[in-house]
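Subject: Handing over the structure

Hi there,

Here is the structure I promised to pass on to you. Please open it alongside this email.

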Amino acid sequence: MSTLHQAWESIPVKGELSLLTADEVRDLSGREPRLMMKFDHSELLPPKLKNHGAFILPLRNGLYAILQGQGYHRPEPCPAALDFSRQTAFRLGTTQTGLSEMQHLDEAYNSGLLAHFLAEPVLYPTIRGRKRSPQFTFEYGRHSLEVAGVQVEIDGGFEGRNSVTVVEAKIGECQDFHLRQLYYPFRFWSTQTQKKIRPVFFTYDPVDQLYRLREYRFDPPQVYGPPRLVK
């Protein structure tokens, strides 16, 4: 068992919902909360959380909710790959160096692939990086929770005439991903614009050299739960 997982053995996990402050995490585990409270894939969860069927959501800076239930989503299989002809006037040679989520998301945008998938003829990259969230509330099971001022990271946001697309990008196909990575940006930007917010999960698999895009919808938007696949 890793030292991080061992540290989790000292943290109480019980019931459908419990709240934990950063100071409590630090006092109980002896480790920094930023290392203890973020697990982007369910396989990374410590046994203490797995055995309880629990996951973690940040609510405020220094306040976390431990919730019992399904906090991760397994990406659906994509249909057979299609060829797409890049729309750039020439091949972009500088995109071939390195291997990162943003590099390949930029390639999908610059080539016209993202606009084609979204059926938005004109897109502008307008959002990237980390920001502090405004206040919003959501429902999870029988509980109503409020988020305010937590750090929300987005790999790419693109504004079109009719919509704003927020993208979570990964290198390689993954077994699952934390719903927070799409839901929080979705709710964040829903407070900033009247345009439709379109959450997209984007992957580049370096083994088969394929881009895969999945667009989701949270319906109703105020409920934190499994998203509906749009396409």
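A word on the source before the findings. This is a predicted model, in which local features need pLDDT of at least 70 and side-chain atom pairs count only at pLDDT 80 or more, while totals for chains, interfaces and linings use all residues. Residues are numbered from 1 along each chain as its sequence is written, and side-chain values use heavy atoms, with hydrogens and water left out.

**The three-stranded sheet**

Helices (H or I, at least four residues) and strands (E, at least two) are DSSP runs, numbered from the N terminus. Two strands pair if DSSP finds at least two bridges between them. With that in hand, 3 strands make an open sheet in the order S1-S3-S2, with antiparallel pairing. Its edges are strand S1 (17–21) and S2, each of which pairs on one side only. On average, neighbouring strands here are turned by 25 degrees against each other, direction ignored. For such angles, axes are lines fitted to C-alpha atoms, for helices over the stretch in contact, and the angles run from 0 to 180 degrees between N-to-C directions.

S1 pairs with strand S3 (residues 63–68) over 5 bridges. Along this pairing, Leu19 sits opposite Ala65 in S3, and Thr21 sits opposite Leu63 in S3. Helix H2 lies across S1 and S3, at about 80 degrees to S1; contact here means heavy atoms within 4.5 Å.

**The six-stranded sheet**

A further open sheet has 6 strands in the order S5-S8-S9-S11-S12-S13, and its pairing is mixed. S5 and strand S13 (228–229) are the edge strands, each pairing on one side only. S8 and S9 run antiparallel and share 4 bridges, and Phe158 stands opposite Thr165 in S9. Helix H5 lies across S5, S8, S9, strand S11 (196–205) and S12, running at about 160 degrees to S5.

**Aromatic pairs**

Rings of Phe, Tyr and Trp (its six-membered ring) pair if their centres lie within 6.5 Å; planes under 30 degrees apart count as stacked, over 60 as edge-to-face and the rest as tilted. The structure holds 18 such pairs. In one of them, the ring centres of Phe138 and Tyr184 are 6.5 Å apart and the planes stand at 55 degrees, so the pair is tilted. Phe138 belongs to strand S6 (residues 136–140) and Tyr184 to helix H7, so the pair ties together parts that are 46 residues apart in sequence.

**Pockets and the cavity**

On a 1 Å grid over the protein atoms alone, a cavity is a set of points where a 1.4 Å probe fits but cannot get out, and a pocket is an open set with protein on both sides within 12 Å along at least five of seven lines; lining residues have an atom within 4 Å of a point. Grid points are joined across faces, edges and corners, and a volume is the space filled by probe spheres set on the points. For the linings, Ala, Val, Leu, Ile, Met, Phe, Trp, Tyr, Cys and Pro count as nonpolar, Asp, Glu, Lys and Arg as charged, and the others, Gly among them, as polar.

The largest pocket has a volume of about 1,100 Å³. It is lined by 31 residues, with Leu82, Phe84, Leu113, Leu210 and Tyr211 nearest its centre. Its lining has 14 nonpolar, 9 polar and 8 charged residues, and S12 gives the largest share, 5 residues.

The second largest pocket holds about 810 Å³ of space. Of its 28 lining residues, Lys38, Pro58, Gln151, Glu153 and Arg180 are the closest to its centre. By class, this lining has 10 nonpolar, 4 polar and 14 charged residues.

There is 1 cavity of 30 Å³ or more, and the largest cavity has a volume of about 40 Å³. Its lining includes Lys38, Phe39, Phe55 and Arg180, and divides into 6 nonpolar, 1 polar and 2 charged residues.
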